[in-house]
Amino acid sequence: MKLNFQHIQAAHCENGVTTSLLRHNGIEAITEPLAFGIGSGLFFIYIPLLKINKGPAIAFRTMPGLIFKRTCKSLGIPVTRRKFRSKEEAKRILEECLLSGYPVGCQVGVYYLSYFPKEYRFHFNAHNIIVFGKEEDNYFISDPVMEQVTSLTSYELERVRFAKGALAPRGQIYYPSEKKIVTEEQIRKAIVTGIKRNVMHMLRIPGNIVGVRGIAFTGKKIKKWRDKLGLHKSGLYLAQLVRMQEEIGTGGGGFRFIYAAFLQQAYAYHPNDRLMEISNKFTQAGDLWRSAAVQAAGIYKGRLTSQEEFNKMGDFLLEIAASEKQAFEDLSHIKWHP
(Lines give C-alpha, C1' and ligand atoms only; values in the text may rest on other atoms or scores of the structure.)
Protein backbone atom coordinates (compact mmCIF):
# COMPACT_ATOMS: atom_id res chain seq x y z
CA MET A 1 0.00 0.00 0.00
CA LYS A 2 1.91 3.02 -1.30
CA LEU A 3 0.24 6.10 -2.74
CA ASN A 4 1.59 7.87 -5.80
CA PHE A 5 2.96 10.77 -3.79
CA GLN A 6 5.71 13.25 -4.67
CA HIS A 7 8.06 14.15 -1.83
CA ILE A 8 8.97 17.85 -1.68
CA GLN A 9 11.83 19.09 0.48
CA ALA A 10 11.09 22.38 2.26
CA ALA A 11 12.72 24.78 4.70
CA HIS A 12 10.01 24.31 7.35
CA CYS A 13 7.96 21.25 8.20
CA GLU A 14 4.39 22.63 8.29
CA ASN A 15 4.97 24.77 5.21
CA GLY A 16 6.26 21.68 3.45
CA VAL A 17 3.40 19.44 4.55
CA THR A 18 0.86 22.09 3.50
CA THR A 19 2.52 22.55 0.11
CA SER A 20 2.89 18.81 -0.54
CA LEU A 21 -0.67 17.90 0.43
CA LEU A 22 -2.17 20.73 -1.64
CA ARG A 23 -0.01 19.97 -4.67
CA HIS A 24 -1.01 16.32 -4.35
CA ASN A 25 -4.60 17.59 -4.56
CA GLY A 26 -3.83 19.30 -7.86
CA ILE A 27 -3.08 22.86 -6.67
CA GLU A 28 0.14 23.29 -8.61
CA ALA A 29 0.35 27.05 -8.00
CA ILE A 30 1.00 26.65 -4.27
CA THR A 31 4.59 27.07 -3.05
CA GLU A 32 6.18 27.01 0.37
CA PRO A 33 6.38 30.85 0.59
CA LEU A 34 2.75 31.21 -0.55
CA ALA A 35 1.57 28.66 2.02
CA PHE A 36 3.54 30.44 4.76
CA GLY A 37 2.26 33.89 3.81
CA ILE A 38 -1.36 32.94 3.18
CA GLY A 39 -1.28 31.05 6.48
CA SER A 40 0.13 34.13 8.26
CA GLY A 41 2.98 32.05 9.64
CA LEU A 42 5.25 34.86 10.81
CA PHE A 43 4.92 35.55 14.52
CA PHE A 44 6.78 36.15 17.77
CA ILE A 45 5.88 35.43 21.37
CA TYR A 46 7.98 35.27 24.55
CA ILE A 47 6.41 33.53 27.56
CA PRO A 48 8.86 33.74 30.48
CA LEU A 49 6.69 31.71 32.89
CA LEU A 50 6.40 28.72 30.53
CA LYS A 51 9.60 26.66 30.44
CA ILE A 52 10.61 24.30 27.61
CA ASN A 53 13.97 22.51 27.71
CA LYS A 54 14.96 24.56 30.79
CA GLY A 55 14.38 27.88 29.04
CA PRO A 56 11.51 30.32 28.51
CA ALA A 57 9.03 29.52 25.74
CA ILE A 58 9.87 31.53 22.64
CA ALA A 59 8.15 31.09 19.28
CA PHE A 60 8.96 32.65 15.94
CA ARG A 61 5.97 31.18 14.12
CA THR A 62 2.25 30.87 14.66
CA MET A 63 0.75 27.97 16.63
CA PRO A 64 1.28 24.51 15.08
CA GLY A 65 -1.48 23.57 12.65
CA LEU A 66 -2.63 27.09 11.86
CA ILE A 67 -0.60 27.52 8.65
CA PHE A 68 -2.30 24.45 7.15
CA LYS A 69 -5.73 25.39 8.51
CA ARG A 70 -5.64 29.02 7.40
CA THR A 71 -4.21 28.29 3.96
CA CYS A 72 -6.85 25.68 3.21
CA LYS A 73 -9.65 27.87 4.57
CA SER A 74 -8.54 30.87 2.49
CA LEU A 75 -8.50 28.70 -0.64
CA GLY A 76 -11.88 27.10 0.09
CA ILE A 77 -10.51 23.61 0.73
CA PRO A 78 -12.30 21.49 3.35
CA VAL A 79 -10.03 19.84 5.92
CA THR A 80 -10.31 16.81 8.15
CA ARG A 81 -8.40 16.93 11.44
CA ARG A 82 -8.57 14.41 14.28
CA LYS A 83 -6.89 13.69 17.62
CA PHE A 84 -7.17 10.43 19.54
CA ARG A 85 -7.15 9.02 23.02
CA SER A 86 -6.70 5.46 21.79
CA LYS A 87 -3.48 4.46 20.01
CA GLU A 88 -5.32 1.57 18.37
CA GLU A 89 -8.00 3.85 16.94
CA ALA A 90 -5.34 6.32 15.76
CA LYS A 91 -3.60 3.54 13.84
CA ARG A 92 -6.86 2.21 12.40
CA ILE A 93 -8.02 5.62 11.14
CA LEU A 94 -4.60 6.37 9.65
CA GLU A 95 -4.63 3.12 7.68
CA GLU A 96 -8.22 3.72 6.55
CA CYS A 97 -7.10 7.10 5.16
CA LEU A 98 -4.24 5.46 3.28
CA LEU A 99 -6.54 2.78 1.84
CA SER A 100 -8.92 5.55 0.74
CA GLY A 101 -6.10 7.29 -1.13
CA TYR A 102 -5.38 10.12 1.31
CA PRO A 103 -1.77 10.93 2.27
CA VAL A 104 -2.02 12.15 5.85
CA GLY A 105 -0.27 14.94 7.73
CA CYS A 106 0.76 14.03 11.28
CA GLN A 107 1.98 16.17 14.16
CA VAL A 108 4.78 14.30 15.95
CA GLY A 109 7.49 14.61 18.56
CA VAL A 110 11.07 15.01 17.37
CA TYR A 111 12.92 13.18 20.15
CA TYR A 112 12.20 9.63 18.98
CA LEU A 113 12.41 10.16 15.21
CA SER A 114 14.86 7.41 14.37
CA TYR A 115 15.92 8.92 11.04
CA PHE A 116 16.97 12.21 12.66
CA PRO A 117 20.65 12.51 13.63
CA LYS A 118 20.97 12.21 17.42
CA GLU A 119 22.25 15.76 17.81
CA TYR A 120 18.98 17.06 16.31
CA ARG A 121 16.69 15.12 18.63
CA PHE A 122 15.21 16.96 21.58
CA HIS A 123 11.80 17.23 23.23
CA PHE A 124 9.71 19.23 20.76
CA ASN A 125 6.24 18.00 19.83
CA ALA A 126 5.21 20.27 16.95
CA HIS A 127 7.04 18.66 14.05
CA ASN A 128 4.99 17.72 10.96
CA ILE A 129 5.36 14.79 8.58
CA ILE A 130 3.27 13.05 5.91
CA VAL A 131 2.47 9.33 5.96
CA PHE A 132 1.70 8.08 2.46
CA GLY A 133 1.89 4.30 2.57
CA LYS A 134 2.74 1.12 4.42
CA GLU A 135 4.63 -2.05 3.55
CA GLU A 136 4.60 -4.87 6.12
CA ASP A 137 5.48 -3.09 9.39
CA ASN A 138 7.01 0.05 7.85
CA TYR A 139 5.24 3.30 7.07
CA PHE A 140 6.47 5.47 4.20
CA ILE A 141 7.25 8.96 5.51
CA SER A 142 7.66 12.24 3.65
CA ASP A 143 9.38 14.56 6.11
CA PRO A 144 9.76 17.96 4.41
CA VAL A 145 13.07 18.72 6.13
CA MET A 146 14.65 15.51 4.77
CA GLU A 147 16.12 15.23 1.30
CA GLN A 148 14.63 11.80 0.59
CA VAL A 149 11.60 9.75 1.58
CA THR A 150 12.19 7.75 4.75
CA SER A 151 10.25 5.26 6.92
CA LEU A 152 9.18 4.42 10.48
CA THR A 153 8.07 1.13 11.98
CA SER A 154 4.59 0.89 13.50
CA TYR A 155 6.10 1.19 16.98
CA GLU A 156 8.26 4.18 16.03
CA LEU A 157 5.36 6.01 14.40
CA GLU A 158 3.08 5.37 17.36
CA ARG A 159 5.79 6.59 19.73
CA VAL A 160 6.22 9.96 17.97
CA ARG A 161 2.49 10.41 17.36
CA PHE A 162 1.82 10.02 21.10
CA ALA A 163 4.85 11.85 22.48
CA LYS A 164 4.30 13.36 25.93
CA GLY A 165 4.89 16.90 27.17
CA ALA A 166 4.11 20.40 25.92
CA LEU A 167 2.07 20.46 22.70
CA ALA A 168 1.51 16.69 22.94
CA PRO A 169 0.21 15.67 19.48
CA ARG A 170 -2.27 13.02 20.72
CA GLY A 171 -2.02 11.11 17.45
CA GLN A 172 -3.18 14.11 15.45
CA ILE A 173 -3.80 13.64 11.72
CA TYR A 174 -4.99 16.15 9.12
CA TYR A 175 -5.52 16.26 5.37
CA PRO A 176 -7.59 17.99 2.64
CA SER A 177 -10.81 15.99 2.60
CA GLU A 178 -11.94 17.07 -0.86
CA LYS A 179 -10.33 17.99 -4.15
CA LYS A 180 -11.11 21.54 -5.22
CA ILE A 181 -10.17 23.68 -8.18
CA VAL A 182 -8.43 26.80 -6.89
CA THR A 183 -8.48 29.84 -9.16
CA GLU A 184 -5.89 32.58 -9.52
CA GLU A 185 -8.46 35.00 -8.10
CA GLN A 186 -8.79 32.87 -4.96
CA ILE A 187 -5.03 32.98 -4.50
CA ARG A 188 -5.05 36.76 -5.01
CA LYS A 189 -7.65 37.21 -2.28
CA ALA A 190 -5.94 34.70 0.03
CA ILE A 191 -2.67 36.62 -0.22
CA VAL A 192 -4.37 39.83 0.95
CA THR A 193 -6.15 38.02 3.78
CA GLY A 194 -2.88 36.45 4.93
CA ILE A 195 -0.99 39.75 4.89
CA LYS A 196 -3.69 41.68 6.75
CA ARG A 197 -3.91 38.98 9.42
CA ASN A 198 -0.12 38.92 9.85
CA VAL A 199 -0.03 42.71 10.17
CA MET A 200 -2.66 42.49 12.91
CA HIS A 201 -0.79 39.72 14.77
CA MET A 202 2.57 41.51 14.73
CA LEU A 203 1.34 45.06 15.38
CA ARG A 204 -2.11 45.06 16.97
CA ILE A 205 -2.33 42.26 19.58
CA PRO A 206 -2.35 43.90 23.05
CA GLY A 207 0.43 43.16 25.52
CA ASN A 208 4.20 43.35 25.56
CA ILE A 209 5.14 39.69 24.88
CA VAL A 210 3.66 39.32 21.38
CA GLY A 211 4.65 40.60 17.95
CA VAL A 212 7.16 43.40 17.46
CA ARG A 213 6.55 44.62 21.03
CA GLY A 214 7.42 41.12 22.22
CA ILE A 215 10.73 41.22 20.34
CA ALA A 216 11.62 44.57 21.93
CA PHE A 217 10.49 43.35 25.37
CA THR A 218 12.73 40.27 25.06
CA GLY A 219 15.67 42.45 24.04
CA LYS A 220 15.25 44.59 27.16
CA LYS A 221 14.99 41.47 29.35
CA ILE A 222 18.17 39.98 27.88
CA LYS A 223 20.12 43.04 29.03
CA LYS A 224 19.13 42.19 32.63
CA TRP A 225 19.71 38.41 32.49
CA ARG A 226 23.42 38.47 33.39
CA ASP A 227 22.86 40.21 36.73
CA LYS A 228 19.50 38.60 37.48
CA LEU A 229 20.17 34.99 36.44
CA GLY A 230 23.96 34.65 36.42
CA LEU A 231 26.11 33.61 33.47
CA HIS A 232 25.20 29.91 33.50
CA LYS A 233 21.41 30.27 33.56
CA SER A 234 21.34 33.26 31.22
CA GLY A 235 23.49 31.22 28.84
CA LEU A 236 20.91 28.42 28.94
CA TYR A 237 18.15 30.92 28.21
CA LEU A 238 20.04 32.26 25.20
CA ALA A 239 20.69 28.70 24.04
CA GLN A 240 16.93 28.20 24.14
CA LEU A 241 16.40 31.31 22.02
CA VAL A 242 18.90 30.09 19.42
CA ARG A 243 17.42 26.58 19.45
CA MET A 244 13.95 27.93 18.79
CA GLN A 245 15.33 30.37 16.23
CA GLU A 246 17.66 28.16 14.21
CA GLU A 247 16.77 24.52 14.86
CA ILE A 248 12.96 24.38 15.06
CA GLY A 249 12.09 24.42 11.39
CA THR A 250 13.80 27.56 10.12
CA GLY A 251 13.39 29.68 13.21
CA GLY A 252 13.57 33.44 13.38
CA GLY A 253 15.90 34.37 10.56
CA GLY A 254 14.75 31.73 8.13
CA PHE A 255 11.09 32.59 8.58
CA ARG A 256 11.86 36.19 7.66
CA PHE A 257 13.58 35.02 4.47
CA ILE A 258 10.56 32.87 3.60
CA TYR A 259 8.25 35.81 4.22
CA ALA A 260 10.41 37.96 1.96
CA ALA A 261 10.06 35.29 -0.74
CA PHE A 262 6.28 35.27 -0.15
CA LEU A 263 6.06 39.01 -0.84
CA GLN A 264 8.10 38.56 -4.00
CA GLN A 265 5.72 35.83 -5.19
CA ALA A 266 2.73 37.92 -4.14
CA TYR A 267 3.95 40.55 -6.62
CA ALA A 268 2.95 38.21 -9.48
CA TYR A 269 -0.65 38.43 -8.25
CA HIS A 270 -0.53 42.05 -7.03
CA PRO A 271 2.05 43.96 -9.12
CA ASN A 272 2.77 46.71 -6.60
CA ASP A 273 6.42 47.78 -6.37
CA ARG A 274 6.01 48.36 -2.62
CA LEU A 275 5.83 44.61 -2.12
CA MET A 276 9.34 44.18 -3.51
CA GLU A 277 10.67 47.03 -1.36
CA ILE A 278 9.13 45.58 1.80
CA SER A 279 10.42 42.13 0.86
CA ASN A 280 13.95 43.57 1.09
CA LYS A 281 13.20 44.81 4.61
CA PHE A 282 12.28 41.30 5.74
CA THR A 283 15.48 39.96 4.21
CA GLN A 284 17.39 42.56 6.24
CA ALA A 285 15.47 41.50 9.38
CA GLY A 286 16.44 37.89 8.67
CA ASP A 287 20.09 38.90 8.45
CA LEU A 288 19.80 40.66 11.81
CA TRP A 289 18.26 37.56 13.42
CA ARG A 290 21.17 35.48 12.14
CA SER A 291 23.68 37.99 13.56
CA ALA A 292 21.82 37.88 16.89
CA ALA A 293 22.09 34.08 16.90
CA VAL A 294 25.87 34.29 16.48
CA GLN A 295 26.07 36.75 19.38
CA ALA A 296 23.88 34.52 21.59
CA ALA A 297 25.99 31.47 20.73
CA GLY A 298 29.13 33.31 21.81
CA ILE A 299 27.55 34.05 25.18
CA TYR A 300 26.21 30.59 25.98
CA LYS A 301 29.47 28.94 24.87
CA GLY A 302 31.34 31.15 27.31
CA ARG A 303 33.35 33.18 24.80
CA LEU A 304 31.45 36.40 25.52
CA THR A 305 30.74 37.08 29.19
CA SER A 306 30.66 40.82 29.86
CA GLN A 307 27.56 42.94 30.44
CA GLU A 308 28.50 44.80 27.27
CA GLU A 309 27.95 41.59 25.27
CA PHE A 310 24.51 41.11 26.82
CA ASN A 311 23.69 44.72 25.97
CA LYS A 312 24.79 44.09 22.40
CA MET A 313 22.54 41.02 22.24
CA GLY A 314 19.58 42.99 23.56
CA ASP A 315 20.27 45.80 21.09
CA PHE A 316 20.09 43.31 18.20
CA LEU A 317 16.51 42.48 19.21
CA LEU A 318 15.58 46.12 19.66
CA GLU A 319 16.87 46.84 16.16
CA ILE A 320 14.97 43.85 14.78
CA ALA A 321 11.76 45.00 16.48
CA ALA A 322 12.07 48.46 14.94
CA SER A 323 12.84 46.98 11.52
CA GLU A 324 9.92 44.57 11.52
CA LYS A 325 7.55 47.19 12.91
CA GLN A 326 8.36 49.47 9.99
CA ALA A 327 7.99 46.64 7.47
CA PHE A 328 4.57 45.60 8.79
CA GLU A 329 3.39 49.20 9.00
CA ASP A 330 4.41 49.61 5.36
CA LEU A 331 2.37 46.52 4.50
CA SER A 332 -0.61 47.90 6.40
CA HIS A 333 -0.62 51.00 4.16
CA ILE A 334 -0.74 49.16 0.84
CA LYS A 335 -3.92 49.80 -1.13
CA TRP A 336 -5.17 46.49 -2.52
CA HIS A 337 -7.00 46.66 -5.81
CA PRO A 338 -9.90 44.30 -6.57
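These are legends for close-up views of a predicted model. Local features need pLDDT of at least 70 and side-chain atom pairs count only at pLDDT 80 or more, while totals for chains, interfaces and linings use all residues. Numbering starts from 1 along each chain as its sequence is written, and side-chain values use heavy atoms, with hydrogens and water left out.

**View 1. Helix α4, residues 87-99, end to end.** Helices here are DSSP runs of H or I with at least four residues, strands are E runs of at least two, and both are numbered from the N terminus. With 13 residues, α4 reaches 18 Å from its first C-alpha to its last, close to the 18 Å expected at 1.5 Å a residue. That expected span is 1.5 Å times one less than the number of residues. After α4 comes Gly101, with a positive phi near 95°.

**View 2. The two sides of α4.** Ala90, Ile93, Leu94, Cys97 and Leu98 are the buried ones. Why do they sit on the same side of α4? Because they cover an arc of only 140° around the axis, taken from the directions from the helix axis to the C-beta atoms. An α-helix has 3.6 residues a turn, so residues three or four places apart point the same way. Over on the other side, Glu88 and Leu99 are exposed. (Buried is under 20% relative accessible area, exposed is over 50% and partly exposed is in between, with a 1.4 Å probe and protein chains only.) The buried residues of α4 pack against several elements, including β3 (79-82), β4 (104-108) and α5 (154-161).

**View 3. Ile67 and its contacts.** Ile67 belongs to helix α3 (residues 66-74), and at 0% relative accessibility it counts as buried. Leaving aside residues up to four places away in sequence, Ile67 touches His12, Glu14, Asn15, Thr18, Ala35, Phe36, Gly39, Gly41 and Thr62; a contact means heavy atoms within 4.5 Å. Tyr300 is 233 residues from Ile67 along the chain, and their C-alpha atoms are separated by 32 Å.

**View 4. Phe60 in strand β2.** Phe60 is buried, with a relative accessible area of 2%. From Phe60 to Ile141 is 81 residues in sequence and 26 Å in space, C-alpha to C-alpha.
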